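Work through the following exercises with the sequence and the model side by side. Try each task before you read its solution.

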Amino acid sequence: MGHLDHAAFGWLTPVLSYVMACIGAALGLRCTVRALATTGRSRRNWLVTAASAIGTGIWTMHFVAMLGFRVSGSDIRYDVPLTILSLLVAMVVVCAGVFAVGYSRDRTRALLLGGLTTGLGVASMHYLGMAAVRLHGDVRYDPVLVGLSVLIAVVAATAALWAGLNIKSPLAVTVASLVMGAAVSSMHYTGMFAVSVRVDPSGDALPGATAMQFIFPLAVGLGSYLFITSAFVALSPTADEREASASAQQTVESVAR
């Protein structure tokens, strides 16, 4: 059995991955709040932004954490198409859940169905990402811990969608995002602790790309997207602020007349 190290760089990758999960959650919640205060095309655009933020945050969290993953006795490579597919899965399932909640009239049913769908999708993203790992040996999973990680993913996704519907204030969003980040990180590491590897030493070259060749640049790019989008959302006026501005403008025009 190969020895697995989930934090080869110490606390750097776990902490950084948690931060990325929290940023994606906070941005997604803020965009959902904006979406529910609007209608038509504006609501759709905010929901798409929310879904992309949450999906990007979850995926970036996973692969930033994977930068610290090592197996004694074997190098690690990543299958590029499968890795990209895991990103697309994260985006699509989160988008489906967010839109279900954003447009459904029966919020409770949409919340339960959306939470289940999104949670299973997040778990699928995780295990697709693990399926992209290439090493000299066989990867096996503890089915109990796998089931627990899926359960955590469903609960975390349902809580995220509930928070998007019910939490409005910036302070509450911040607290919710910290909790959601912890839940998503817990899902990841529960899934990782389910892994065991039987190493088969070999001198053959492994297919795929190294983490620094592919995962690191993509994670940096997606992380930059999160920060830039966060700045845009923070600087854009809310619906209440636009109404207040329009009211003030009308008052000024009335006085001028």
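**Exercise 1. Cysteines**

How many disulfides does a search of the whole structure find?

Solution. Before counting, note that this is a predicted model, in which local features need pLDDT of at least 70 and side-chain atom pairs count only at pLDDT 80 or more, while totals for chains, interfaces and linings use all residues. Residues are numbered from 1 along each chain as its sequence is written, and side-chain values use heavy atoms, with hydrogens and water left out.

A disulfide is a covalent bond between the sulfur atoms of two cysteines. The rule applied here asks for a pair of cysteine sulfur atoms within 2.5 Å, and the search of the whole structure finds zero disulfides.

Cys-22 is buried because its relative accessible area is 8%, whereas Cys-95 counts as partly exposed because its value is 24%.

**Exercise 2. A strand with two faces**

Solution. Start from the terms: strands (E, at least two residues) and helices (H or I, at least four) are DSSP runs, numbered from the N terminus. In a regular strand the side chains alternate between the two faces of the sheet.

Strand S5 (residues 137-141) runs antiparallel to S6 and is joined to S6 by five bridges. One of the residues involved is Tyr-141, whose bridge partner in S6 is Val-195.

**Exercise 3. Enclosed spaces**

How many cavities of 30 Å³ or more are there, and which helix supplies the largest share of the lining of the largest cavity?

Solution. On a 1 Å grid over the protein atoms alone, a cavity is a set of points where a 1.4 Å probe fits but cannot get out, a pocket is an open set with protein on both sides within 12 Å along at least five of seven lines, and lining residues have an atom within 4 Å of a point. Grid points are joined across faces, edges and corners, and a volume is the space filled by probe spheres set on the points.

By this rule there are two cavities of 30 Å³ or more. The largest holds about 200 Å³ of space, and of its 18 lining residues the closest to the centre are Ile-54, Ile-58, Ala-156, Ala-157 and Ala-160. The largest share of this lining, five residues, comes from H5.

To describe the lining by class, count Ala, Val, Leu, Ile, Met, Phe, Trp, Tyr, Cys and Pro as nonpolar, Asp, Glu, Lys and Arg as charged, and the others, Gly among them, as polar. The lining of the largest cavity then divides into 15 nonpolar, three polar and no charged residues.

The second largest cavity holds about 80 Å³, and its lining includes Ile-54 and Ala-160. H5 again gives the largest share of the lining, four residues.

**Exercise 4. An open space**

Which residues lie closest to the centre of the largest pocket?

Solution. The largest pocket holds about 250 Å³ of space. Of the 16 residues that line this pocket, the closest to its centre are Leu-16, Val-64, Leu-67, Phe-216 and Val-220. Helix H7 (211-235) supplies the largest share of the lining, seven residues. By class, the lining has twelve nonpolar, four polar and no charged residues.

Conventions
Pairing = 2+ DSSP bridges. Buried < 20%, exposed > 50% of the residue type's maximum accessible area, 1.4 Å probe, protein only.
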